[in-house]
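Subject: Handing over the structure

Dear colleague,

I am passing this structure on to you, and I would be glad if you read the notes below with the structure open beside them.

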Amino acid sequence: MYNLLSGFYQHLTRKEEYYVLIIGLDNAGKTTLLERIKSIYMGITGLDPDKIAPTVGLNIGRVNIKSTRINFWDLGGQKDLQSIWERYYSECHAIVFVVDSTDPVRLDECRDTFEKMITNDAVEGVPILMLANKQDIPRALKVEEIKEVFNKIAIKLGARDSRVLPVSALEGNGVEDAIDWLVLRLQRNKINRPPVFR
Ligand code: G3D
């Protein structure tokens with residue numbers, strides 16, 4: 001009887017769990033975004049922006065959003081660390097690709113990196129959210145301008161869910177809208193990439 005009740009309790013309380021990669025070139029604002037997500041959804045004050053050091057390896061954030069648990073993996077963006085991203089592709093349920101909208105000089109490099117990622121077989125069908133970050137800075141490129149640069153390769157995204165949204169990870173503007181988009185797509189893509197239950 002105890003086993004039955006405890007099994008029933010576990011069934012009621014278990015959460016769908018997803019893994020989401022946060023990637024992009026170094027300095028795009030990936031760690032700042034992770035800290036912002038933690039502060040919005042866990043109510044904890046994230047790291048002081050001055051204390052955020054470049055990611056070497058992996059930063060993890062586990063947050064509960066509605067009935068879902070999302071594990072964010074913020075991976076380092078330096079050239080020599082990008083090869084590590086591939087190791088996480090087959091396990092992830094979605095990818096957030098962060099772009100520094102104030103750095104037009106690196107946009108071509110950014111597009112090449114993005115193209116390499118979306119054409120990797122291990123991420124086929126995985127929803128991809130591109131965030132045009134640093135929109136609090138007046139000279140930041142707008143979403144439309146960033147889309148123009150990526151248009152050339154957009155066809156390679158295939159039929160998966162994808163979107164470009166403006167955010168400021170530093171100030172938090174747009175972050176909740178971005179997460180809402182993400183949660184919906186994770187759930188829609190359940191058949192292709194089922195969640196883990198814990
Ligand atoms: P990374 O993890 O992608 O390498 P970081 O990037 O999160 O370390 O951020 C790199 C720099 O960009 C940091 O500034 C950080 O404060 C800044 N940054 C990140 N997101 C935003 C944003 O939305 N708006 C503005 N204005 N700045 C942002 P420093 O000066 O510490 O290098």
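Helices (H or I, at least four residues) and strands (E, at least two) are here DSSP runs, numbered from the N terminus. The model is a predicted one, in which local features need pLDDT of at least 70 and side-chain atom pairs count only at pLDDT 80 or more, while totals for chains, interfaces and linings use all residues. Residues are numbered from 1 along each chain as its sequence is written, and side-chain values use heavy atoms, with hydrogens and water left out.

**The fold as a whole**

The protein has six helices and seven strands, which follow the pattern α-β-α-β-β-α-β-α-β-α-β-α-β when read along the sequence. A residue is called buried when its relative accessible area is under 20%, exposed when it is over 50%, and partly exposed in between (1.4 Å probe, protein chains only). Of the 198 residues in the protein, 47% are buried. If contact is taken to mean heavy atoms within 4.5 Å, then 75% of the contacts between residues at least 6 apart in sequence join residues at least 24 apart.

**Helix H6**

Helix H6 covers residues 175–188, and its 14 residues should span 20 Å at 1.5 Å a residue, which agrees with the 20 Å between its end C-alpha atoms; the expected span is 1.5 Å times one less than the number of residues. Its buried residues are Val175, Ala178, Ile179, Trp181, Leu182, Val183, Arg185 and Leu186.

**Empty space inside the protein**

Rolling a probe the size of a water molecule over the atoms shows where empty space is left. The search uses a 1 Å grid over the protein atoms alone: a cavity is a set of points where a 1.4 Å probe fits but cannot get out, a pocket is an open set with protein on both sides within 12 Å along at least five of seven lines, and lining residues have an atom within 4 Å of a point. Grid points are joined across faces, edges and corners, and a volume is the space filled by probe spheres set on the points. For the classes, Ala, Val, Leu, Ile, Met, Phe, Trp, Tyr, Cys and Pro count as nonpolar, Asp, Glu, Lys and Arg as charged, and the others, Gly among them, as polar.

Over the whole structure, two cavities of 30 Å³ or more are found. The largest cavity has a volume of about 80 Å³, and its lining includes Asn27, Asp100, Arg106 and Cys110. Strand S4 (94–100) and helix H4 (107–118) each supply at least two residues of this lining, with S4 giving the most, namely three. By class, the lining of the largest cavity has six nonpolar, one polar and four charged residues.

The second largest cavity holds about 30 Å³ of space, and Leu33, Ile37, Val96, Leu129, Leu131, Ala178 and Ile179 line it. Helix H2 (30–42), strand S5 (128–133) and H6 each supply at least two residues of that lining, which has seven nonpolar, no polar and no charged residues.

The second largest pocket has about 200 Å³ of space and is lined by 15 residues, of which Glu124, Gly125, Leu157, Ala159 and Arg160 lie nearest its centre. This lining divides into four nonpolar, six polar and five charged residues.

**Some single residues**

Most residues other than glycine have a negative phi, and most peptide bonds are trans. Asparagine 27, although not a glycine, has a positive phi of about 75 degrees; this residue is found in the loop between strand S1 (16–23) and H2, and it is exposed, with a relative accessible area of 57%. Lysine 134 also has a positive phi, near 70 degrees, and lies in the loop between S5 and helix H5 (143–154), where it counts as buried at 18% relative accessibility.

Asparagine 64 is found in strand S2 (residues 58–65) and is partly exposed, at 38%. Leaving aside its neighbours within four places in sequence, asparagine 64 is in contact with Lys15, Tyr41 and Arg69.

Cysteine 92, at 0% relative accessibility, counts as buried, as does cysteine 110 at 4%. With a disulfide defined as a pair of cysteine sulfur atoms within 2.5 Å, the count comes to zero.

With best wishes
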